[in-house]
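Here are some notes to read alongside the model. Keep the viewer open and find each residue as you reach it.

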Amino acid sequence: MARARPTSPRCPRCNAPFALTQGQELYTCGYCNASIDTRGEKAPLPSYEAPPVPESEERGGIPVGVIQLAAIGGVVLALIALVVGFITWTTASESTGGPIPGGPAPIVVARPPGVEKASTFQWDTTSVPLVVDLNGDGTDDFVGRIRRLMPNTGGTDIRSMAAAFDGKSLGLLWETGLEGSISELSGTVHLVHQGGRVVMSSPDAVSILDPQTGKQLGRVALSDKPRNLCIPQGDTESVWVDVSDGQNLLLNTKTAAARPAIEPPPSCAPFKWNPRMCPSQLVRRSPILCERPRNLPDVPGFSPEHVYKLNDLNVVLGERSPGSRVPMAAVFQQGQKAPLWHGNVADMDPKKVKERVVEVLALSEDALIMAYELKEGGAQLIRRDMRTGSVSWDVPIPNSKSGSGASDIKLHGGRVYVPHWVWLDVFDAKTGNLIGTLGKW
């Protein structure tokens with residue numbers, strides 16, 4: 001009986017053929033949209049048809065008609081010998097070095113060096129980076145969520161990752177895969193640094209990672225989705241894990257052991273919204289407590305909307321009134337009737353600015369940094385002195401005309417981190433100069 005040998009790979013779900021490209025590991029079926037991974041034992045391996053080989057080839061690769069021609073003479077016999085040698089070499093190459101014992105054999109595709117780092121990635125717009133010196137060089141590095149775009153014959157595979165970047169070069173330090181769909185990962189991936197470790201939550205677990213390599217040092221399964229990670233005040237080793245079903249844990253980053261901790265530490269009490277707070281969607285834009293204006297001194301021409309508290313200061317964002325809704329800001333010292341300063345948010349002609357109250361900002365003792373939008377497209381980032389209102393700089397946010405404005409702002413260690421759409425922009429906090437942009441559309 002004729003012996004089968006592998007030909008074209010086929011989808012393990014619908015049996016449709018697809019083409020392998022040298023060095024490619026991930027494929028998407030063009031018929032059923034199944035994701036096919038040629039790596040590892042747990043990944044679905046491509047199937048192979050086994051069409052019959054002619055009996056003449058089964059008997060050694062010499063067709064019957066050729067055997068009959070052998071009687072013509074020694075020259076023809078020599079030609080046949082060459083044909084036999086070529087067929088034998090081809091068969092060995094296609095069968096990966098030997099006979100197939102009763103079933104299909106997987107094709108092993110070599111991984112080209114650097115293929116992961118060479119692929120395009122996008123920053124996840126909802127991910128505010130964890131900023132910390134990971135490699136001990138004295139410069140803060142940062143960790144956040146990215147999406148890698150892996151091209152294949154059927155389109156593009158999207159892989160969610162947690163990735164660390166060097167603070168000096170903005171180059172990739174390490175990355176680790178995140179299990180779960182984009183919707184499952186949303187709101188469940190949180191990052192903190194505690195006890196010399198990076199702690200990361202995912203939809204069903206919390207992991208402890210080596211800060212220099214990203215290697216997993218420990219993992220604890222969760223009973224439900226994590227809502228937050230919190231470092232208890234004064235603690236140097238533990239992280240409190242807020243779990244959706246209330247089965248909260250206290251994780252020790254040194255031992256990777258976790259114990260039940262239903263009640264949160266005092267400094268980790270979950271935020272509870274009340275009618276005095278800003279709308280919940282606005283609260284999520286900033287970790288700074290936001291309240292509706294109450295009992296504020298009246299400022300002519302200014303209508304307050306949101307109040308952010310920083311120690312003894314109240315930062316108030318609102319709009320001009322009466323007239324067009326030009327975004328404005330004011331800073332009050334608690335107990336004082338007159339503001340330290342108030343005025344337009346933008347350092348430009350107000351007719352160019354979109355009429356919208358500013359909702360994305362960052363605060364420090366000496367700086368108020370705000371993002372605002374322009375009527376003709378694009379967004380700006382401005383820094384004003386907290387107590388005088390003077391402008392340090394007012395710069396455009398790259399790619400904001402074709403993408404979107406800032407989704408958040410993080411001010412840390414002399415830098416300003418601005419995630420928006422598929423990018424993360426890093427600015428110098430003192431000069432406003434753009435240090436670099438991560439992510440591509």
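1. Let's start at the surface, with N295. At 76% relative accessibility, N295 counts as exposed; the cut-offs are under 20% relative accessible area for buried, over 50% for exposed, and partly exposed in between, with a 1.4 Å probe and protein chains only. N295 sits in the loop between strand 18 (290-291) and strand 19. Its phi is positive, about 55°, although N295 is not a glycine. That deserves a second look, because most residues other than glycine have a negative phi.

2. Some ground rules before going on. This is a predicted model, in which local features need pLDDT of at least 70 and side-chain atom pairs count only at pLDDT 80 or more, while totals for chains, interfaces and linings use all residues. Residues are numbered from 1 along each chain as its sequence is written, and side-chain values use heavy atoms, with hydrogens and water left out.

3. Now the overall picture. The protein has six helices and 30 strands; these are DSSP runs numbered from the N terminus, with helices being H or I of at least four residues and strands being E of at least two. Of the 441 residues, 42% are buried. The accessible surface comes to about 22900 Å², and carbon and sulfur atoms own 53% of that; such areas come from the Shrake-Rupley method with a 1.4 Å probe, and for residues only the protein chains shown count as cover. Among contacts with a separation of 6 or more, 42% are between residues 24 or more positions apart, where contact means heavy atoms within 4.5 Å.

4. Which residues have the most contacts inside the largest nonpolar core? They are Y308, L317, L363, L368, M370, Y372 and M386, in a core of 24 residues. Strands 19 (302-310), 20 (313-320), 21 (327-333), 23 (361-363) and 24 (367-373) each supply at least two residues of this core. A second, separate core has 15 residues, including V360, A371, V395 and I409. By nonpolar core I mean a set of buried Ala, Val, Leu, Ile, Met, Phe, Trp, Tyr and Cys residues joined through side-chain atoms within 4.5 Å.

5. Is E319 buried or exposed? E319 is buried, with a relative accessible area of 11%, and belongs to strand 20. E319 forms a salt bridge with R325, the closest N and O atoms being 2.7 Å apart; the rule is a side-chain nitrogen of Lys or Arg within 4 Å of a carboxyl oxygen of Asp or Glu. R325 itself is partly exposed, at 41%. Leaving out residues up to four places away in sequence, E319 touches several others, among them G301, F302, M328 and V357.

6. More on salt bridges: the structure holds 11 of them. One joins the side chains of E175 and R148 (2.9 Å, N to O). E175 lies in strand 9 and R148 in strand 7 (residues 141-152), so this pair ties together parts 27 residues apart in sequence. R148 is buried, at 2% relative accessible area. Elsewhere, D124, R145 and R147 are linked in a network of salt bridges.

7. The peptide bond from S321 to P322 is cis, with omega near 5°, and P322 is in the loop between strand 20 and strand 21. L170 has a positive phi of about 65° without being a glycine. L170 lies in the loop between strand 8 (155-165) and strand 9 (172-177), and is buried, with a relative accessible area of 13%.

8. F271, W273 and L289 make a nonpolar surface patch of about 320 Å². A patch takes residues with over 30% relative accessible area and no salt bridge, joining like charges within 9 Å and nonpolar side chains (Val, Leu, Ile, Met, Phe, Trp, Tyr) within 5 Å. F271 is partly exposed, at 46%, in the loop between strand 17 (258-260) and helix 6 (280-283).
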